[in-house]
Amino acid sequence: MDERLPDASEATCQRRARTLCESHYAESVRIDIVTIFPEFFSVLDVSLLGTARKSGLIDVAVHDLRDFTHDRHRTVDDTPSGGGAGMVMRPEPWGDALDAILTEQSTVIFPTPAGSLFVQKQARELAGREHLIFCCGRYEGIDQRVIDYTRTRAAEVLELSIGDYVLNGGEVAVVAVIEAVGRLIPGVVGNPDSLVEESHEDGLLEYPSYTKPAEWRGLETPAVLLGGNHAAIAAWRREQQLERTRRVRPELLGEG
Ligand code: 6GU
């Protein structure tokens, strides 16, 4: 059967388009998540990412870390060596979970407030990987030997933070990273043009947007946007990007 016939499913067409024009991207991106709160990740069933999963562009599996424990209480944590507050996740369940999931092609991500800052450039890099594993720590973190051991087994290991504040665990951060990465996988966002003029894509914040009506509650849409002069509109938007970035995030311009 000629696979170009219109009865090929939309997913098949999208996969083929990706294979043809973006040959460095895998057929489908596989994502494994290890967590003690699998139910947290039901959010990945909805919206854009839910659609991408149903169409086979992203293949997500969520694993319960407690399934890799061997004691009656399904223990995952213990007191910190050397003393101190809180609890640390024991290495054994993590080792067994990663043994079951990891390959030499895997990129393994440990979300932690002690990691390097996750930024758009990294989202673009991760969108080109074929297998991502997210290891969600809770409590005071995971025994460091898990991360050090995994570095000897995986293609790459990253410790990533999503910002300078503390969350109770990596789950919310992982949802944020998966959304940022997932929308850059070819075929996930219907119109790829909408990925171009966004905040952070060119190192600047996005310009302000307006739609109809031209006047609302006494507030006018800037006249330049209604004049049809495309060069003038592009110049105005660039100016707005620079003004906004300088005001809100001067460090992005090296002016911090
Ligand atoms: Cl990745 N994890 C936790 N627990 N807190 C964070 C974070 C990650 N990024 C910022 N705060």
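Me: Hi! Is Tyr139 buried, partly exposed or exposed?
Reply: Tyr139 is partly exposed, because 16 other C-beta atoms lie within 10 Å. The cut-offs are 20 or more such atoms within 10 Å for buried, 12 or fewer for exposed, and partly exposed in between, with C-beta atoms placed from the backbone. Please keep in mind that this is a predicted model, where local features need pLDDT of at least 70 and side-chain atom pairs count only at pLDDT 80 or more, while totals for chains, interfaces and linings use all residues. Residue numbers start from 1 along each chain as its sequence is written.

Me: Where is Tyr139 found?
Reply: Look in the loop between strand 6 (131-135) and helix 5. Helices (H or I, at least four residues) and strands (E, at least two) are DSSP runs numbered from the N terminus.

Me: And what's the phi of Tyr139?
Reply: Tyr139 has a positive phi of about 55°, although it is not a glycine. For background, most residues other than glycine have a negative phi, and most peptide bonds are trans.

Me: Which other residue has a positive phi although it is not a glycine?
Reply: Arg74 does, with a phi of about 55°. Arg74 lies in the loop between strand 2 and strand 3 (77-78). Arg74 counts as partly exposed because it has 14 other C-beta atoms within 10 Å.

Me: You mentioned peptide bonds. Which residues does a cis one join?
Reply: Lys212 and Pro213, with omega at about 0°. Pro213 sits in the loop between helix 6 (171-182) and strand 8 (215-216).

Me: Let's zoom out. How many helices and strands are there in the protein?
Reply: The protein has seven helices and nine strands. Among its 256 residues, 23% are buried.

Me: In what order do the strands of the open sheet come?
Reply: The open sheet has five strands in the order 2-1-6-5-7, and their pairing is parallel. Two strands count as paired if DSSP finds at least two bridges between them.

Me: Which strands stand at the edges?
Reply: Strand 2 (58-64) and strand 7 do; each has a single partner strand, so one side of each is left without a neighbour in the sheet. Neighbouring strands here are turned by 25° against each other on average, direction ignored.

Me: What packs on that sheet?
Reply: Helix 5 (residues 144-151) does, touching strand 5 and strand 7, and its direction makes about 140° with that of strand 7. Contact here asks for C-beta atoms, placed from the backbone, within 7 Å. Axes are lines fitted to C-alpha atoms, for helices over the stretch in contact, and angles run from 0 to 180 degrees between N-to-C directions.

Me: How many bridges pair strand 1 with strand 2?
Reply: Strand 1 (residues 29-35) and strand 2 pair in the parallel sense over seven bridges. In strand 2, Ile33 has Val62 as its bridge partner, and Val34 has His63.

Me: What about strand 1 and strand 6, how many bridges there?
Reply: Five, again in the parallel sense. Here the partner of Val34 in strand 6 is Cys135. Strand 6 also runs parallel to strand 5, and three bridges join them; one of the partners is Leu132 in strand 6, for Thr107.

Me: Why is strand 6 largely enclosed by the rest of the structure?
Reply: Because five of the five residues of strand 6 are buried. His131, Ile133 and Cys135 point one way, and Leu132 and Phe134 the other way. Strand 1 is also largely enclosed, because six of its seven residues are buried.

Me: New topic: which residues come nearest to the ligand?
Reply: Of the 13 residues around the ligand, Pro111, Pro113, Ser161, Leu167 and Ala173 come nearest. Here a residue is near if its C-beta atom, placed from the backbone, lies within 6 Å. Strand 5 (107-117) and strand 7 (156-161) are the elements that give two or more residues to this shell. Strand 5 gives the most, with three residues.

Key:
Contact = placed C-beta atoms within 7 Å.
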